[in-house]
Amino acid sequence: MDIASYKRVVLKLSGESLAGDQGFGIDLPTVDAIAAEVKKVREHGIDVAVVVGGGNIWRGLAGSDKGMDRAQADYMGMLATVMNSLALQSSLENIDVDTRVQSAIEMRQIAEPYIRRKAVRHLEKGRVVILAAGTGNPYFSTDTTAALRAAEIEADVILMAKKGVDGVYDSDPRKNPAAKRFTRLAYIEVLQRGLAVMDSTATSLCMDNKIPIVVFNIDKHENILKAAVGEDIGTIVGGEEA
């Protein structure tokens, strides 16, 4: 693992991945463990930008399903991603990883506003950049944020860290013991089959910009590092051989 396959990655973390076994909120030992893995990726000379979801605190769709205005519910979800981003920043800086949080919603007291050129400059200086508050717009998921930011900062790949799932299957492996895990998939197959990689807007954006997606299980030790250096884990969507 001396030579990295990728020079710049976007790591997409679900909010649930920060909750640990408790399933909700922020579990600091879990966040610390993720931060330690991100540090190892940086030590391999790989630029790291992180997009964090907010589902461990609030889901916009869940709020709108119960009668809340959808845009208002989505803004609350964006604020949840900021809380997660600050927790991850704290864990990273506790282990001496220089980190910046950039928010798509302006809140200058706690985060920089997202500016593409500034984000790229931070990455070039070896800092981890955590991209918070989604795209800053309702109706767009943090999956779409990851795809958009990856295109903007010219990342080589999106590392899609999943909790409890080690790739993309043709059916739910928790319900179907005979479910088949794919090793490689084309973008169009993901869209046509409605596979649960990321939402269709995000998948289309990755397809248009030829950004591969690696889907892997975050629960296994050092899987973030293994994915970042190009080890054959999980499922690769897109790429030359898909």
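Is glycine 55 buried, partly exposed or exposed? Glycine 55 turns out to be partly exposed, with a relative accessible area of 24%. Keep in mind that this is a predicted model.

## Two glycines in loops

Glycine 55 sits in the loop between β2 (47-52) and α2 (60-65). Setting aside neighbours within four places in sequence, glycine 55 is in contact with Gly15 and Glu16.

Now look at glycine 15, found in the loop between β1 (8-13) and α1 (28-43). Glycine 15 is buried, at a relative accessible area of 2%. Apart from neighbours within four places in sequence, its contacts are Gly53, Gly54, Gly55, Asn56 and Asn84.

## The annotated binding site

Both glycines show up in the unreviewed UniProt entry, which gives the feature "binding site" at Lys12, Leu13, Ser14, Gly15, Gly55, Arg59, Tyr169 and Asp172. These residues spread over 161 residues of sequence, and in space they reach up to 24.4 Å between C-alpha atoms. The lining of the largest pocket takes in several of them, including Lys12, Gly15, Gly55 and Asp172.

## Salt bridges

The model has 13 salt bridges. One of them joins the side chains of lysine 12 and aspartate 143 (3.5 Å, N to O). That pair ties together distant parts of the chain, with lysine 12 in strand β1 and aspartate 143 in helix α5 (residues 142-152), 131 residues apart. Lysine 12 is buried at 5% relative accessibility, and aspartate 143 is buried too, at 15%.

Another salt bridge pairs aspartate 74 with arginine 70 (2.9 Å, N to O). They are four residues apart in helix α3 (residues 70-94), so about one helical turn separates them. There's also a network of salt bridges linking Asp98, Arg100, Glu112 and Arg127.

Technical notes. Residues numbered from 1 in each chain as written. Predicted model: local features only at pLDDT ≥ 70, side-chain atom pairs only at ≥ 80, totals over all residues. Heavy atoms only, no water. UniProt positions renumbered as here; feature names shortened; annotations may be inferred. 1 Å grid on protein atoms, 1.4 Å probe; cavity = no way out; pocket = protein on both sides within 12 Å on 5 of 7 lines; lining within 4 Å. Buried < 20%, exposed > 50% of the residue type's maximum accessible area, 1.4 Å probe, protein only. Contact = heavy atoms within 4.5 Å. Salt bridge = Lys/Arg side-chain N within 4 Å of Asp/Glu carboxyl O.
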